[in-house]
Amino acid sequence: MDTKRLITNVVNRIVGSVKNPSYALMRLKIFLLGMKVKKPEGNSTVYHKRLFMSGFCFLPDVSFIEVCELKTFFFGAHGVNESEYMLSAKKARLIRSEGLYSSGGEDCPMAKVARSKAVIELASDFLGIPQSNLYFSANIDVSPVVNSNEIRNPDGADAAFRFHRDADSYNFIKAFIYLNDVSSDGAGQHELFEGSALGLKMPWALRLFKRYTLEQIEKHIPTSIHTPIFGKAGTFFVENTTGFHRGSHAVKSPRIMLSLSFGSKDYFNRYSHHVHKVIAS
Ligand SMILES: O=C(O)CCC(=O)C(=O)O
């Protein structure tokens with residue numbers, strides 16, 4: 001990182017912490033203690049057990065019809081079809097789009113998926129938050145085909161292409177749904193380190209909320225397993241993103257993905273305009 005960007009980053013963080021002290025306190029807590037999650041019991045679901053053990057689990061795929069609805073919604077909002085969108089993204093040399101957020105309304109297909117039974121049950125069980133107190137945000141973003149592993153917007157959307165862990169709230173969980181096939185290397189697969197959501201046991205060398213290389217993570221958490229997620233359109237997985245993860249450059253075919261976040265209301269002083277109640281009142 002060059003000196004000017006480093007200074008800008010430090011200044012932005014200090015200003016951000018002063019403006020929003022509760023967010024800064026939350027990050028400090030996750031930095032020191034990690035995130036508290038609910039340990040599964042004998043009668044807990046297999047999803048809860050898997051998520052707790054390895055930091056992620058697959059849920060049953062989303063149907064073909066829902067995938068089509070989600071894509072139609074996304075490209076419709078941009079007023080283009082899929083190939084026109086990809087063409088203009090390529091011309092703009094876009095590496096990863098900022099995404100389109102759900103309004104949370106009943107007519108929004110992103111909200112419909114976010115409110116589906118399997119995922120809200122799991123989020124509620126894992127976080128120990130009753131469904132009635134659970135909030136979500138949802139957004140679709142696109143990784144268009146790019147020629148290289150270049151990062152052009154390191155403090156924006158492209159930052160997700162380098163290994164990092166999230167600290168978005170005292171209690172939160174993310175879920176991802178591929179809206180096209182991500183079946184081979186180079187299709188923008190999501191990657192994670194299984195067993196790296198270590199909470200209190202996170203090695204100090206990896207605690208700062210910054211970007212890390214694969215080698216640094218392998219060195220400091222040798223027991224964790226680097227796992228790329230491939231799957232057909234509709235593949236649905238839930239992840240504790242306080243463990244290390246990243247997206248990857250789509251060098252062969254583009255990736256379209258719906259990302260969901262679940263947590264309690266405090267998520268939220270920061271992203272409040274994108275956050276909605278799971279149980280709409
Ligand atoms: O695009 C991806 O696969 C990574 C997303 C990510 O890093 C995040 O949501 O925190």
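Predicted model: local features only at pLDDT ≥ 70, side-chain atom pairs only at ≥ 80, totals over all residues.

Just after helix H7, Gly128 takes a positive phi of about 70°, where helices (H or I, at least four residues) and strands (E, at least two) are DSSP runs, numbered from the N terminus. Residues are numbered from 1 along each chain as its sequence is written.

H7 itself spans residues 117–127, and its buried residues include Val119, Leu122 and Phe126; a residue is buried if 20 or more other C-beta atoms, placed from the backbone, lie within 10 Å of its own. Those buried residues pack against several elements, among them helix H3 (46–54) and strand S4 (172–178), and contact here requires C-beta atoms, placed from the backbone, within 7 Å.

Now, why is S4 described as largely enclosed by the rest of the structure? Seven of the seven residues of S4 are buried, so the strand is largely enclosed. Phe172, Lys174, Phe176 and Tyr178 point one way from S4, whereas Ile173, Ala175 and Ile177 point the other way.

As for its partners, and strands pair if DSSP finds at least two bridges between them, S4 runs antiparallel to S9, joined by seven bridges, with Ile173 bridged to Phe262. S4 also pairs with S7 in the antiparallel sense over four bridges, and there Ala175 has Val238 as its bridge partner.

Technical notes:
Buried ≥ 20, exposed ≤ 12 C-beta atoms within 10 Å, placed from the backbone. Contact = placed C-beta atoms within 7 Å.
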